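These are my notebook entries on a structure that I looked up for the first time. I ask the reader to keep the sequence and the model in view.

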Amino acid sequence: MSELLVDFITSLDGYASGEGWPGFWGLEGPEYLAWLGEQPKATYLMGANTYRLMSGFAAGEVPKGQDEFRPEEEASVDELTQASKVVFSSSLEEPLTWANSTLVRDDAVEAVRAMKSSGSGLLSTIGSLSLCRSLLRAGLVDRFRVVMFPVITGATGEERIYDGYPDVALEMIEHRTFDGRIQLVEYKPRVLEHPPLGAPA
């Protein structure tokens with residue numbers, strides 16, 4: 001059976017990106033980059049918006065506000081190009097132009113449920129906030145990992161991650177600090193029907 005990891009990199013205030021900020025908010029360091037390079041191979045799951053953005057980067061489109069890719073960003077995109085990717089979309093058309101990408105038009109929750117039960121190895125999301133939310137609500141997520149970068153992007157933050165989430169209990173299974181400033185927390189999630197203490201009397 002495959003394991004499903006929801007994986008986010010965020011600002012401290014829970015944004016997935018910020019207008020005018022470079023990738024990794026420009027704060028990645030050698031420890032963090034080495035750790036990224038040690039991660040096991042995964043099949044990456046994404047929706048149409050993330051596919052359009054990332055495949056554009058792979059084709060040479062530079063992020064808004066930058067003149068060129070930094071080497072760290074280029075290496076990250078190259079690694080994703082080599083990896084297996086599954087894209088859930090009813091709007092994209094085949095064939096997908098980004099190498100090693102498979103288009104799935106079926107319901108994402110049911111498709112991932114089938115992938116988990118019939119496969120092996122690691123499935124990991126990349127971006128795709130609504131897809132991650134749906135998979136979490138369905139109880140399919142085995143691990144929920146967040147790497148927080150030491151910035152607050154209150155003025156420029158885009159893509160608030162946790163809006164629309166259910167209540168979720170999180171059992172910590174890993175934590176680590178990279179380069180003295182970047183914080184990783186990893187949890188086993190459990191979706192709650194109601195707060196555990198119930199309503200106040």
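Are Tyr51 and Trp98 buried or exposed? I found that both Tyr51 and Trp98 are buried, where buried means under 20% relative accessible area, exposed over 50% and partly exposed in between, with a 1.4 Å probe and protein chains only.

**Entry 1: basis.** I note that this is a predicted model, in which local features need pLDDT of at least 70 and side-chain atom pairs count only at pLDDT 80 or more, while totals for chains, interfaces and linings use all residues. Residues are numbered from 1 along each chain as its sequence is written, and side-chain values use heavy atoms, with hydrogens and water left out.

**Entry 2: aromatic rings.** I looked up the aromatic pairs and found twelve in the structure. Rings of Phe, Tyr and Trp (its six-membered ring) pair if their centres lie within 6.5 Å; planes under 30 degrees apart count as stacked, over 60 as edge-to-face and the rest as tilted. Tyr32 and Trp35 are stacked, at 5.9 Å centre to centre with 25° between the planes. Both residues belong to helix H1 (residues 30–37) and stand three residues apart, about one turn of the helix. Helices (H or I, at least four residues) and strands (E, at least two) are DSSP runs, numbered from the N terminus. Tyr32 and Trp35 are both buried. The ring centres of Tyr51 and Trp98 are 6.0 Å apart and their planes stand at 55°, so this pair is tilted. Tyr51 lies in helix H2 (residues 48–58) and Trp98 in the loop between strand E4 (85–88) and strand E5 (101–104), so the pair ties together parts 47 residues apart in sequence.

**Entry 3: a charge over a ring.** I recorded the charged end of Lys85 over the ring of Trp98, 4.6 Å from its centre. The criterion is NZ of Lys or CZ of Arg within 6 Å of the ring centre and within 35 degrees of the ring normal.

**Entry 4: salt bridges.** I found eight salt bridges in the whole structure, each a side-chain nitrogen of Lys or Arg within 4 Å of a carboxyl oxygen of Asp or Glu. Arg143 bridges to Glu3, with the closest N and O atoms 3.3 Å apart. Arg143 lies in strand E7 (residues 143–149) and Glu3 in strand E1 (residues 3–11), so the pair ties together parts 140 residues apart in sequence. Arg143 counts as buried at 16% relative accessibility, whereas Glu3 is partly exposed at 32%.
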